[in-house]
Amino acid sequence: MPKPCSPEMAKTPGGSSAPGKENVANGHKEGEVGNNNNNPFADYMWMENEEDYNRQVEEELLEQEFLERCFQEMLEEEDQDWFIPARDLAPGVGQIQQQLNGLSVSNGNADELARKSSLNPEAKEFVPGMKY
C-alpha cells in the first residue's frame with residue numbers, strides 16, 4: 001500500500017484529474033459558454049452536466065484535503081526531528097540548565113589566583129598521547 005502522501009496516492013480518485021478529461025467550469029464545458037444564446041434554456045444547460053461538475057468539485061476537494069494532510073504530516077515529521085529543550089528534556093534538566101546559565105567566569109582575580117596556585121608555571125604544556 002502506498003504511503004499516505006506518496007506520488008502513487010496522488011493518482012487515486014481525488015488525487016488529480018486524469019489527462020484527456022474535459023474540464024467543466026461552473027457546469028459548462030470549455031468553449032461552451034456563449035454558444036447557446038439562441039436557446040431560451042441556455043442558463044439552465046449547466047444542469048445537464050451537473051453530475052460531471054459535482055464529480056470534478058469533489059475531486060478538487062479531495063485533492064485539497066490530501067495536500068493538507070500531506071503538509072500536516074510533513075510538519076509533524078519535521079517537529080520530531082527538531083530538538084526543543086522544553087519538550088525533549090526531563091523536568092530536572094531544565095533546572096540544571098538554568099543553574100548553569102547563572103554561572104560565569106571572571107578574570108577579575110586572575111593575579112591572585114595565580115599566586116595561590118600550586119601548579120608549576122615552568123611545566124611543559126600537556127599534549128594528549130605524547131610521552132615526556
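Author: In this predicted model, a helix is a DSSP run of H or I that holds at least four residues, and helices are numbered from the N terminus. Helix α2, which contains Asp81, covers residues 50–81.

Reader: How do you know that the span of α2 agrees with its number of residues?

Author: The expected span is 1.5 Å times one less than the number of residues, so the 32 residues of α2 should span 46 Å, and the end C-alpha atoms, 47 Å apart, agree with this.

Reader: What makes Asp52 and Arg55 a salt bridge?

Author: The rule asks for a side-chain nitrogen of Lys or Arg within 4 Å of a carboxyl oxygen of Asp or Glu, and the closest N and O atoms of Asp52 and Arg55 are 3.8 Å apart, so the pair counts as a salt bridge. Asp52 and Arg55 are three residues apart in helix α2, which means a separation of about one helical turn. An α-helix has 3.6 residues a turn, so residues three or four places apart point the same way.

Reader: Why is Arg55 called partly exposed, rather than buried or exposed?

Author: Buried means under 20% relative accessible area and exposed means over 50%; Arg55, at 34%, therefore counts as partly exposed. Asp52, with 30%, is partly exposed.

Reader: Which side chain meets Arg55 in a salt bridge at 3.6 Å, N to O?

Author: That side chain belongs to Glu59, which is four residues from Arg55 in helix α2, about one helical turn away. Glu59 is also among the buried residues of α2, together with Gln56, Phe66 and Cys70.

Reader: How do you know that Glu65 forms a salt bridge with Arg69?

Author: The closest N and O atoms of Glu65 and Arg69 are 3.3 Å apart, and the cut-off is 4 Å, so the pair meets the rule. Both residues are partly exposed, Glu65 with a relative accessible area of 41% and Arg69 with 40%. Through shared partners, salt bridges join Asp52, Arg55 and Glu59 into one network, and the count by this rule comes to three salt bridges.

Reader: Why is Asp81 called exposed?

Author: The relative accessible area of Asp81 is 68%, and exposed means over 50%, so the word applies. Asp81 forms a negative surface patch with Glu76, Glu77, Glu78 and Asp79.

Reader: What makes Phe126 exposed?

Author: Phe126, in the segment after α5 (110–116), has a relative accessible area of 62%, and with the cut-off at over 50% Phe126 therefore counts as exposed. Together with Val127, Met130 and Tyr132, Phe126 makes a nonpolar surface patch of about 470 Å².

Notes: Residues numbered from 1 in each chain as written. Predicted model: local features only at pLDDT ≥ 70, side-chain atom pairs only at ≥ 80, totals over all residues. Heavy atoms only, no water. Patch = residues over 30% accessible without salt bridge, like charges linked within 9 Å, V, L, I, M, F, W, Y side chains within 5 Å. Areas by Shrake-Rupley, 256 points an atom, 1.4 Å probe, with all protein chains shown as cover. Lys, Arg positive; Asp, Glu negative; His and termini not counted. Charge placed at Lys NZ, Arg CZ, Asp CG, Glu CD. Helix = DSSP H or I, 4+ residues; strand = E, 2+ residues; numbered from the N terminus. Buried < 20%, exposed > 50% of the residue type's maximum accessible area, 1.4 Å probe, protein only.
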